[in-house]
Amino acid sequence: MKEGFRQSMAWLHTWSGLLVCWVLLLVFCGGTASYYRNEITLWMQPELHAVAANPVSSEVAASAAQAAMTQRAAGATRWFISLPDERTQATQLGWSKPSKPGEKKKGRRGNFHSEKTDPATGEVLSRPRDTRGGEFLYRLHFDLHYMSAIWARWIVGFCAMFMLVSIISGVITHKRIFKDLFTFRPKKGQRSWLDAHNVTAVLALPFHLMITYTGLVTLMFLYMPSGATAAYKGDKDTFFAEAFPRAEERKAAGVAAPLTPFAPLVRQAEQQWGGKVERISVNAPGDANAVITLSRSSGSDMSTRQPSMDFDGVTGKLLSSNGETVPGAAATQGVMIGLHVAHFGGPLLRALFFLSGLAGCAMVATGALLWAVKTRQKQAKALAAGKRASFGLRLVEALNIGAIAGIPIAFGAYFWANRLLPVVMEERPKEEIACFFGAWALAAIVAQLRPTRAMWRIELTAGAILLAGLPILNVFTTSSHLGVTLFLGRGPVSVAAFDLVVLALGLLLAYAAYKLKPLPAKAKKAAPAAAAPTTGNTTLPGAA
Amino acid sequence: MEILSNFLVFALCYAGLSCLCLAMDRHYADLHGRGAEPPPQLRRRLQWGGWLALAFALAWAMHIAGAGYGTVFWVGSLTGCGLLLIWLLPYAPHQAMRLARVIGVAAALAAVMLAVL
């Protein structure tokens with residue numbers, strides 16, 4: 001090795017980071033938003049806000065759901081009921097009917113019906129506007145969009161692997177990791193950017209390492225199938241059945257028998273678990289061999305592997321309870337995925353994860369900016385002599401604007417589209433998503449044409465207006481704006497919180513734009529068209 | 001009660017980090033003028049106090065939320081408090097330290113209240 005170990009690590013850190021930073025920023029923004037994907041979905045369906053303000057107990061909801069299902073889903077082979085919890089407010093009923101003989105199969109979910117109902121009465125809710133809501137942002141962060149999910153997962157996995165390399169080489173490169181732990185020196189150009197990058201990286205380092213590693217673990221059977229493939233000779237189903245065991249299924253007897261009431265079973269299960277029942281599924285309802293399975297809500301345990309209980313559908317006798325002890329490796333994987341998605345933990349812990357996610361966005365953004373600032377410094381002499389910035393620098397600066405300032409614009413456009421597109425519309429979710437990508441593409445292309453300081457200012461301002469404008473837009477398009485949810489205290493709390501968070505993020509962007517006010521004439525000469533803002537603030541365009 | 005419990009973790013983390021921060025030459029100088037260094041005795045006290053506060057925060061977090069959750073909660077609150085402290089330091093160093101003192105006292109009060117109740 002010609003250079004020292006630390007230098008080569010610095011090289012590795014720079015390039016492994018730069019190569020994937022823009023995709024990573026998207027993944028981080030989408031992932032951070034996903035911590036609140038249910039809340040985002042609720043926000044995007046104002047028709048459900050009234051129901052959300054009056055929650056009921058799971059026993060009441062289970063009884064109402066059973067009554068509704070008995071009435072509407074007779075003859076179904078399976079029932080699925082998702083009870084409301086703090087984060088989803090409507091009861092979701094679903095059932096699948098056997099396909100009629102001679103009928104063409106309509107794909108896997110062809111005979112599946114689902115509807116959202118009022119948890120207290122079981123009545124179908126007035127159909128809320130069609131949207132993918134937070135689910136889109138969640139999918140976006142590992143499936144991307146407009147491409148096959150498998151390809152996308154490979155791309156995201158590749159970026160995550162580079163991220164892991166970056167984190168480790170970054171820690172090695174960072175000589176003064178403890179000495180500089182609390183150091184942030186604003187208004188010092190490159191120095192400030194480095195400080196901001198270090199602070200957001202080091203302080204949330206446990207989170208960054210965890211999220212990158214567990215992110216890879218969630219998809220490990222895609223990335224590294226060979227272990228399981230070799231041991232099970234390609235028989236994937238057997239592998240999953242042995243690694244993650246489930247109860248056996250009972251065949252329908254063909255003899256009709258009434259279903260036992262859900263409410264006592266729910267009470268029994270909740271007493272044993274000390275947690276809420278989230279899902280009820282019934283195999284062969286109305287049959288003598290019916291089985292009712294209750295699953296616990298995630299939230300009382302760190303793992304995503306939730307215990308479930310099987311009851312005889314007619315007598316209500318407990319048949320088996322599963323998943324309270326899981327084999328070691330499966331338990332480890334469950335905890336890792338649990339840590340990644342943070343379904344456990346109450347609102348406080350989730351808020352901390354969200355904050356750490358924002359720190360991650362800021363880390364990626366400052367890292368990308370730092371490269372541009374440093375490279376511009378290196379080319380300062382040539383630039384002062386009137387030469388143009390190198391192709392690479394121009395490209396990176398333009399991509400930085402397109403990603404760092406562009407992603408908030410895309411998020412903002414998505415939420416604005418949700419409110420402004422006609423409520424009844426063909427393929428509404430698709431149009432909303434088109435707005436997301438349309439706005440982003442516009443921002444990115446314009447940035448490529450003129451990657452200047454003025455462009456930063458314009459795009460940051462646009463993002464600020466879009467995000468901070470959402471609470472105002474709400475006043476005109478919904479009846480659950482901040483005036484009602486916050487000042488009259490009628491809730492739902494999560495809708496009010498959404499408005500406040502986007503407002504705060506919008507103001508942050510506005511502050512960043514304000515800091516980029518045109519340079520005074522003298523300074524302008526010294527740094528013509530400095531494409532990267534040189535004032536530091538830790539909480540950079542983090543984006544929703 | 002729960003709010004008080006959670007607050008105690010945050011308060012201990014913030015106070016502890018502030019102590020550790022103040023024990024460093026650079027940040028001591030931020031407050032007391034260029035070139036100022038903490039006297040060795042004070043530095044030792046700050047370091048001990050800081051680490052003790054963080055250790056208590058971890059112990060308390062584990063006590064209220066179990067070992068697994070508690071650790072995650074503690075790490076998260078370290079991140080949050082650290083970001084707040086570092087953000088305040090360059091712009092309002094004296095306020096940051098005043099806040100640390102107030103929060104330290106509040107933590108002691110909260111601990112006493114939790115012990116009594």
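**Exercise 1.** Is A:Arg250 buried, exposed or partly exposed, and why?

*Solution.* A quick word on the ground rules: this is a predicted model, where local features need pLDDT of at least 70, side-chain atom pairs count only at pLDDT 80 or more, and totals for chains, interfaces and linings use all residues. Residues are numbered from 1 along each chain as its sequence is written, while chains are lettered from A and ligands numbered from 1 in the order in which they are written.

- Step 1: get the cut-offs. A residue is buried with 20 or more other C-beta atoms within 10 Å of its own, exposed with 12 or fewer, and partly exposed in between; the C-beta atoms are placed from the backbone.
- Step 2: apply them. A:Arg250 has 16 other C-beta atoms within 10 Å, so it is partly exposed.

**Exercise 2.** Place A:Arg250 in the chain and find what it touches.

*Solution.* 
- Step 1: look at the loop between α11 (236-243) and α12 (262-273) of chain A, where A:Arg250 sits. Helices (H or I, at least four residues) and strands (E, at least two) are DSSP runs, numbered from the N terminus.
- Step 2: leave out residues up to four places away in sequence, and A:Arg250 touches A:Asn283, A:Asn289 and A:Val291. Contact means C-beta atoms, placed from the backbone, within 7 Å.
- Step 3: check A:Ala201, 49 residues apart from A:Arg250 along the chain; their C-alpha atoms are separated by 52 Å.

**Exercise 3.** Describe helix α4 of chain A and its cover.

*Solution.* 
- Step 1: α4 (residues 58-72) has 15 residues and reaches 20 Å from first C-alpha to last, close to the expected 21 Å. That expected span is 1.5 Å times one less than the number of residues.
- Step 2: list its buried residues, among them A:Ala61, A:Ala65, A:Ala68 and A:Met69.
- Step 3: recall that an α-helix has 3.6 residues a turn, so residues three or four places apart point the same way.
- Step 4: the cover over the buried residues of α4(A) includes β1 (78-82), β2 (91-96), β3 (112-117), α12 and β4 (277-283) of chain A.

**Exercise 4.** Work out which parts of chain A meet chain B.

*Solution.* 
- Step 1: 20 residues of chain A contact 20 residues of chain B.
- Step 2: on the chain A side, α7 (190-203), α8 (205-218) and α14 (347-378) each supply at least two residues.
- Step 3: α14(A) gives the largest share, seven residues.

Key
Two residues are in contact if their C-beta atoms, placed from the backbone, lie within 7 Å.
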